[in-house]
Amino acid sequence: MVESARSAGDRLVWQEARIEALESLSPRIIRVVLRPQAWHLPLAGQHLDVRLTAENGYQAQRSYSLLSPPERDGVYELAIERLADGEVSPWFHDAAQVGESIEVYGPVGGHFVWSATLDRPALLIGGGSGVVPLLSMAAHRAHLHTAAPMVLQVAARTMADVLLWPELQQWEAKANGFRSQLALSRDTATQRTQDHIGRLHHGDLATALQGLGDDSSQAVLVYVCGMNAFVESVVAMLRELRIPDGAIRTERYGG
Ligand SMILES: Cc1cc2nc3c(=O)[nH]c(=O)nc-3n(C[C@H](O)[C@H](O)[C@H](O)COP(=O)(O)OP(=O)(O)OC[C@H]3O[C@@H](n4cnc5c(N)ncnc54)[C@H](O)[C@@H]3O)c2cc1C
């Protein structure tokens with residue numbers, strides 16, 4: 001049986017996690033599979049805090065959303081974008097080795113989570129690596145075999161930057177209430193009519209809301225994740241579409 005990562009008193013503790021796999025997911029994003037000493041069941045949308053320690057004792061700590069759904073027993077999967085001038089993210093791309101251990105704390109986060117028990121249509125909007133926790137939510141939904149309406153709006157540079165594209169197509173092929181839409185800012189052509197070339201715009205979100213049902217603007221829960229500027233601009237569009245602030249949940253990656 002997998003132990004709980006919580007210590008006595010139900011407090012999370014820092015613990016070692018072994019890097020079990022490193023795999024390129026896109027030109028800029030690497031999947032990092034971590035096996036912690038003690039695994040705790042996450043909620044879809046939660047993140048891990050990660051701490052690296054240099055030989056001279058210098059430490060750097062960052063947060064990374066879980067890509068894997070709760071059903072991925074015993075491991076945590078992260079998807080880390082390389083920031084060329086960054087301190088921590090390039091380490092995962094250039095220096096990390098399978099078999100070595102890093103420190104992790106979590107899973108943490110209580111607001112930016114999705115569960116079928118919410119029983120509301122969900123619109124998920126992710127820019128760049130901000131799509132990571134939303135993919136965990138969509139994968140969790142697929143595991144549950146629920147028909148809970150969900151639209152995932154992805155804002156990416158090109159088709160090659162769209163994470164888990166095969167999975168997105170599989171989930172959509174089930175035709176049980178899941179739909180994805182792509183806005184590709186730097187590509188030249190799209191294969192599907194629901195996708196378009198250019199930056200995410202107001203019309204994308206209006207279409208997504210329509211896809212969730214005509215009266216969904218009152219009941220829909222919206223999750224927005226990405227860099228600060230992306231989140232700000234999407235929230236402004238949602239307000240124009242009369243989505244109440246209380247129905248909007250945001251996760252900001254900085255930048
Ligand atoms: C809750 C949470 C979840 C996160 N989940 C993920 C995730 O799933 N995948 C992921 O790749 N990142 C994620 N991040 C961002 C991550 O924590 C780091 O901020 C990011 O990896 C940069 O760290 P760094 O040490 O490489 O760069 P730093 O040395 O911290 O920063 C280098 C430069 O990049 C700028 N910068 C910081 N963050 C960004 C950004 N996101 N995009 C562009 N420029 C930036 C900084 O302002 C600085 O100028 C998450 C952040 C939070 C708060």
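The protein is divided into domain 1, residues 8–108, and domain 2, residues 116–252; these bounds come from an automatic or database domain assignment. This is a predicted model, in which local features need pLDDT of at least 70 and side-chain atom pairs count only at pLDDT 80 or more, while totals for chains, interfaces and linings use all residues. Residues are numbered from 1 along each chain as its sequence is written.

The centres of the two domains, taken over C-alpha atoms, are separated by 25 Å. Across the boundary, 17 residues of domain 1 are in contact with 13 residues of domain 2, a contact being two C-beta atoms, placed from the backbone, within 7 Å. The side of domain 1 that touches domain 2 comprises nine nonpolar, five polar and three charged residues. In this classification Ala, Val, Leu, Ile, Met, Phe, Trp, Tyr, Cys and Pro count as nonpolar, Asp, Glu, Lys and Arg as charged, and the others, Gly among them, as polar.

Leucine 124, leaving aside residues up to four places away in sequence, touches Leu134, Met137, Ala138, Met150, Leu152, Gln153 and Tyr223.

Next, the sheet. Six strands form an open, parallel sheet in the order 10-9-8-7-11-12. Strands are DSSP runs of E, at least two residues, numbered from the N terminus, and two of them pair if DSSP finds at least two bridges between them. Strand 10 (196–197) and strand 12 (248–252) are at the edges with a single partner strand each, so one side of each is left without a neighbour in the sheet. Strand 11, residues 221–226, runs parallel to strand 12 and is joined to it by five bridges; here cysteine 225 stands opposite glutamate 251.

Finally, the ligand. It is surrounded by 21 residues, the closest being Glu81, Gly86, Glu87, Val88 and Ser89, with the shell defined by C-beta atoms, placed from the backbone, within 6 Å. Strand 4 (59–65) and strand 5 (76–81) are the elements that give two or more residues to this shell, and strand 4 supplies the largest share, four residues. Each domain contributes at least three residues to the shell.
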